[in-house]
Amino acid sequence: MVQIRAGFLSVTGNVRQNNEDSYYADPLGRFFIVADGMGGQSAGEYASKLAVEVIPDMFHESIHFDSKATPQEIIQSIDAAVAEANRQIMEQGNTQPELRKMGTTVVFLLAYGEEFFVGGIGDSRVYRLRKGNFEQLTTDHSLTQALLDAGTITPEEAEHHKYRNMLYRYLGCKDGGTGTNPQQFRPEAGDRYVLCSDGVCDGLKDEGISELLASIDAPQEAAEKIVQTALDGGSKDNVTCIVIHTL
């Protein structure tokens, strides 16, 4: 079984007045979560904080990390936790006027036994660098990604498309709790992962993330450098990053 080291940082950034991002790093290294709230004022901040409270609580209740469950049972537990967070966010938004239309993205990496489970809702991302191969493990639930998948626009057009921040799935909408479709795979020693809000990608391209991951051996230093480079690159959003190394 691989060992895990992690580093993390979340900052308000260059433009925003408050930080609507939240994250959770399990002290035992069993799971990690990044959430990027939306809704203006304090609503987005509330939604993301609710997500990183509800989902870990549900994981602790439903996943027994010292026992043996099937991959399908783990996926069911993950989806149930995300669905419960979605339900609570929608309920709070419907009953409290100041929280109306709030929502949040969520991405996660969960380690169980010898397997990793990675997925999410919205446009926060999980990346992996393995043996020089850098790839995005999650799919953006944005209108721009849908247009890209349909071949309507090119990757170059997608970078600055007017709908790139418009989501069709997130926590806080009726489709937010319909399943995370996580990837399941066996980690390898030497893997490097990034969980990040879109504030990272707003100021730093994939190539830059890959280069920093490859060149920095301490995960906390890597997380701090990725965040600072995104800010220096002109990110206009909150910036949150978790870096995970497997040993």
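Student: At 1% relative accessibility, does Phe59 count as buried or exposed, and how do I read that value?

Tutor: Buried means under 20% relative accessible area. In this predicted model, Phe59 has 1% relative accessibility, so Phe59 counts as buried. Phe31, at 0%, counts as buried too.

Student: How are the rings of Phe31 and Phe59 arranged?

Tutor: For a ring pair, look at the distance between centres and the angle between planes; planes over 60 degrees apart count as edge-to-face, under 30 as stacked. The structure holds nine aromatic pairs. In one of them, the centres of Phe31 and Phe59 are 5.1 Å apart and the planes stand at 85°, so this pair is edge-to-face. Phe31 belongs to strand E3 and Phe59 to helix H1, so the pair ties together parts 28 residues apart in sequence.

Student: What kind of pair do Phe31 and Phe65 make?

Tutor: Their planes are at 20° and their centres 6.2 Å apart, so that pair is stacked. Phe65 sits in the loop between H1 and helix H2, 34 residues from Phe31. Ring pairs link Tyr24, Phe31, Phe59, Phe65 and Tyr112 into a cluster. Arg30 also lies over the face of Phe65, 4.7 Å from the ring centre.

Student: Which way does Tyr112 point from strand E5?

Tutor: Tyr112 points the same way as Val106, Phe108 and Leu110, while Val107, Leu109 and Ala111 point the other way. Seven of the seven residues of E5 are buried, so the strand is largely enclosed by the rest of the structure.

Student: Which strands pair with E5?

Tutor: E3 pairs with E5 in the antiparallel sense over four bridges, with Ile33 partnered by Phe108. Strand E6 also runs antiparallel to E5, joined by seven bridges.

Technical notes:
Residues numbered from 1 in each chain as written. Predicted model: local features only at pLDDT ≥ 70, side-chain atom pairs only at ≥ 80, totals over all residues. Heavy atoms only, no water. Buried < 20%, exposed > 50% of the residue type's maximum accessible area, 1.4 Å probe, protein only. Helix = DSSP H or I, 4+ residues; strand = E, 2+ residues; numbered from the N terminus. Pairing = 2+ DSSP bridges. Phe/Tyr/Trp six-rings, centres within 6.5 Å; stacked < 30°, edge-to-face > 60°. Lys NZ or Arg CZ within 6 Å of the ring centre and 35° of its normal.
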